[in-house]
Amino acid sequence: MAAVVVDNLSHAFGQGEMRRAVLQNISFIIEPGEVVLLTGPSGCGKTTLLTLIGALRTVQQGEVSVLGESLHGAGRRRRQQVRRRIGMIFQGHNLLRCLTAEQNVQMGADLLPDLSYRARRDEARQWLRAVGLEDHMAKVPHDLSGGQKQRVAIARALAANPRLLLADEPTAALDSRTGREVVELLRRLAREQSCAVLMVTHDPRIVDVADRLLQMEDGRLKNAV
Amino acid sequence: MNRFWRGRRIPLSWLLLTRQPVRLLVALAGISFAGILMFMQLGFRDGLFDASVTAHRLFDADVVLISPRSASSVSMEAFPRRRLVQTLADPDVDGVTPVHWGLMLWRNPETRRNRSILALGFNPDDPFFVDPSLAEKTDALKQKGRILFDQLSRPEFGPIADWYRDGRVVETEIAGNRVRVAGLVSLGTSFGADGNLLTSTETFLDLMPQKPPGAIEVGLVRLKPGADPEQVVSRLRQRLPKDVSVLTKQGFIDFEQNYWKSSTSIGFIFTLGAAMGFVVGCVIVYQVLYTDVSDHLPEYATLMAMGYRLSHLLGVVVREGFYLAAMGYVPAYMAGQGLYWFVRDATKLPVGMDLSRALTVLVMILVMCMLSSFLAMRRLIDADPAEIF
């Protein structure tokens, strides 16, 4: 079963004359464990596509199915259920400022059903070790560097044990060396979990980590490689 | 137990509050202030109503006769004394005490200014007070022109109690007649009376010669042990003409309190004051929670994007409101205790913390915080997880 199937997807914002098509007839498949990069100029609809796959928006036309769940016509509750199985990494780290690194990661692990508090906490600690932050567990985001924050965000996304990881320009706020490290870490950990990754990026220096490259322009896929 | 640990989560609401200590302190100060305001207003209200009947409570009576035209302790009307004598025909009645009751002008012996004082006149041979230490003192009234002065009266009546305790002969004038203080009692002030004095029927009528001797304002009726006051009251009501009202002692107390509660704006004013405290508290808590939710909106949206349910996040806000209520109540309660003590000391009003008021304010604060958190939630419902990419 494919991680993501997008079939003839179109999406538009606005009503009537203000209606503006953002995505047009997009189709692609992401296999389990595959790392796919999505690039393209600003405003070409990358983020909209990501939010549709991430079950954050209602699908208007065409079909999106994520981890075997069809999202066409899925209601609020159903999309929330699907989101539990998807890890998300944002452009800003979006960590909870009032929580320590460990607690932030545990917010991800807390989504796992049927685990005791202790087991979930151990899970969180293990992920922080995996991203190399075992010495910074008790720090709040304010006291962490940009790269460390993004690594906490990766640990949080993976702690919920997702089968699909969506990342929106995870390197945007980082310098090139740190960005490279973070992306490589992300790919390695996703591989180990056989978790598929769809990453939106502008950054040309990280394209080589991908198994496959999708290029978008004006709401269409340029090459269906 | 297992299930409990399984359900355990990171205490997000608690951390959201405590990791911003300044905002938390402001919120708690606001809630405590609202709570103190409510404690004060309700305390004054109850204290004033309570004070209006401190003397009433002391009377040795099971059943009380008053005139149906009487409206309150400051406007007692007279009724024929023989109605009180008629009650003796009832088999359950043990004895009666006729009481004269009226306001007199007391001259402050120091400043020579006149001020209205509540005077009670009764026969010193009749039982009048339940408390034996008070009853003992009434013997001194057997001499003409003697009075007992309430030492809890306001200081405007003069330093009577101090002078008396110093062993001086304290004399002053009431309506042109000389009276001498023969002892001190503790009754307490109320709305109507800034001070009280007790005297004998004889002296009372000398001081107020215009009062007809065959008429009294209050009749105290004592029942035999084991008699049911309610039954006696209903029997007496049937037997006696309509020119007299028959009340139980509690009914007499209620009669006085009801006057101040319903016929004056005092109850309304203080209840309104408490309501203002409630509204002020609501605004403060709402403001704090609303800013808190707004500040953390991207974080809440992130949690929603991660797959947390909206209801879970609403629960976080509700719990924040609950913690604020619990933490704000404690200082409000303690400050309330302190202020009651201060008010008792300064005004001699019987203001104290009682369980029902402590619970009332607790419930008000809880409702206040819950209401505010529900209002603040509307902001959270606007959080669109799609907007955070």
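**A hairpin in chain B**

Reply: Ile174(B) has Asn177(B) as its bridge partner in E7(B). This is a predicted model, in which local features need pLDDT of at least 70 and side-chain atom pairs count only at pLDDT 80 or more, while totals for chains, interfaces and linings use all residues. Residues are numbered from 1 along each chain as its sequence is written, and chains are lettered from A and ligands numbered from 1 in the order in which they are written.

Strand E6 (residues 171-174) and strand E7 (residues 177-185) of chain B pair in the antiparallel sense over 4 bridges; strands (E, at least two residues) are DSSP runs numbered from the N terminus, and two of them pair if DSSP finds at least two bridges between them. The two strands form a hairpin with 2 residues between them. In the turn, Ala175(B) has a positive phi of about 50 degrees.

The side chains of E6(B) alternate along the strand. Thr172(B) and Ile174(B) point to one face and are buried, that is, 20 or more other C-beta atoms, placed from the backbone, lie within 10 Å of their own.

For the setting, chain A has 6 helices and 10 strands, helices being DSSP runs (H or I) of at least four residues. Buried residues make up 48% of the 225 residues in chain A. The C-alpha trace of chain A spans about 55 × 40 × 35 Å along its principal axes.

Key
A residue is buried if 20 or more other C-beta atoms lie within 10 Å of its own, exposed if 12 or fewer, and partly exposed in between; C-beta atoms are placed from the backbone.
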